[in-house]
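Here is a short briefing to read alongside the model. Keep the viewer open as you go through the topics below.

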Amino acid sequence: LPGVQALQAALADECDDAPPPRRGIDVDLAALVYTSGSTGEPKGVMLTHRNFVSNMLAAGEVFTMGPDDLALSFLPLSHVFERTCDHLFFLRGVPVHYVPAIERVPPALPEVRPTVLPSVPRLYERAYIKVLANLQKESPFRRRLFAWAVEVGKQVTRVREAKRRPGPWLALRHAVAGRLVY
């Protein structure tokens, strides 16, 4: 490419020193991350490529996902958690749907129907508070139905976390809960 070659030539003319030797992922800087200081003094940390790879691989052992999944992401791409998740998604071939702000997550959920939703605790806190507030307006029957569906969801989650498939009775109840509540 002409522009790239010209830039390389200009850099070569201006720099007599040889490029620094590669040191590898153990020490090569990948990111400088700064905290806002919301829990104390603002501070920064230097993260290496190894830090990201280590976190990504550890998360990959816990969270099984692949090309059949769909992630919904809303955190800034500069957020260290989002960056780690994205690297894992790319490694596993998980498609990612990005929304520009946390306020856009609720309307995106029924449209996108993600199977993976990486988040910070604040999103879940906000959702939980809203669900409980709405639930208080419902009839006792609807509240019992909701509690039943949540329990079915917990049972399905435990079975899946044990790397098993739900049995036919649990799968049927989960499908019914999905139609009526989720």
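A residue counts as buried under 20% relative accessible area, as exposed over 50%, and as partly exposed in between. Arginine 122, with a relative accessible area of 44%, is therefore partly exposed. Please keep in mind that this is a predicted model. Its protein chain has seven helices and four strands, and buried residues make up 22% of the 182 residues.

**Overall layout**

- Starting at the N terminus, the elements of the protein chain follow the order α-β-β-α-β-α-β-α-α-α-α.
- Among contacts in the protein chain with a separation of 6 or more, 53% are between residues 24 or more positions apart.
- The protein chain exposes about 13500 Å², and 60% of that area is supplied by carbon and sulfur atoms.

**Nonpolar cores**

- In soluble globular proteins, nonpolar side chains tend to be buried together.
- The largest nonpolar core here has nine residues: Leu72, Phe74, Leu75, Val99, Ile102, Val105, Ala108, Val112 and Leu123.
- Helix 4 (residues 105–112) gives this core its largest share, three residues.
- There is also a second, separate core of eight residues, including Met56, Met65, Phe89 and Val116.

**Threonine 84**

- You will find threonine 84 in helix 3 (residues 80–92).
- Is threonine 84 buried or exposed? Its relative accessibility is 11%, so threonine 84 counts as buried, the cut-off for buried being under 20%.
- Setting aside residues up to four places away in sequence, threonine 84 touches Phe52, Asn55 and Met56.

**A nonpolar patch on the surface**

- Leu29, Leu32, Tyr34 and Met46 form a nonpolar patch on the surface, and together they have about 480 Å² of accessible area.
- Strand 1 (residues 29–34) supplies the largest share of the patch, three residues.
- Methionine 46 belongs to strand 2 (residues 44–48).
- Methionine 46 counts as exposed because its relative accessibility is 60%, and the cut-off for exposed is over 50%.

**Salt bridges**

- Side chains of opposite charge can pair when their charged atoms come close.
- How many salt bridges does a search of the whole structure find? The search finds three.
- One of them joins the side chains of glutamate 125 and arginine 122 (3.4 Å, N to O). Both residues lie in helix 5 (residues 121–136), three residues apart, which is about one turn of the helix.
- Arginine 142 counts as partly exposed at 43% relative accessibility, and glutamate 138 is partly exposed with a relative accessible area of 33%.
- Glutamate 151 and arginine 158 form a salt bridge through their side chains as well (3.4 Å, N to O). Glutamate 151 is partly exposed at 35% relative accessibility, and arginine 158 is partly exposed with a relative accessible area of 47%.

Conventions. Residues are numbered from 1 along each chain as its sequence is written. This is a predicted model: local features need pLDDT of at least 70, side-chain atom pairs count only at pLDDT 80 or more; totals for chains, interfaces and linings use all residues. Side-chain values use heavy atoms; hydrogens and water are left out. A nonpolar core is a set of buried Ala, Val, Leu, Ile, Met, Phe, Trp, Tyr and Cys residues joined through side-chain atoms within 4.5 Å. Buried means under 20% relative accessible area, exposed over 50%, partly exposed in between (1.4 Å probe, protein chains only). Helices (H or I, at least four residues) and strands (E, at least two) are DSSP runs, numbered from the N terminus. Contact means heavy atoms within 4.5 Å. Accessible areas come from the Shrake-Rupley method with a 1.4 Å probe; for residues, only the protein chains shown count as cover. Patches are made of residues with over 30% relative accessible area and no salt bridge: like charges are joined within 9 Å, nonpolar side chains (Val, Leu, Ile, Met, Phe, Trp, Tyr) within 5 Å. A salt bridge is a side-chain nitrogen of Lys or Arg within 4 Å of a carboxyl oxygen of Asp or Glu.
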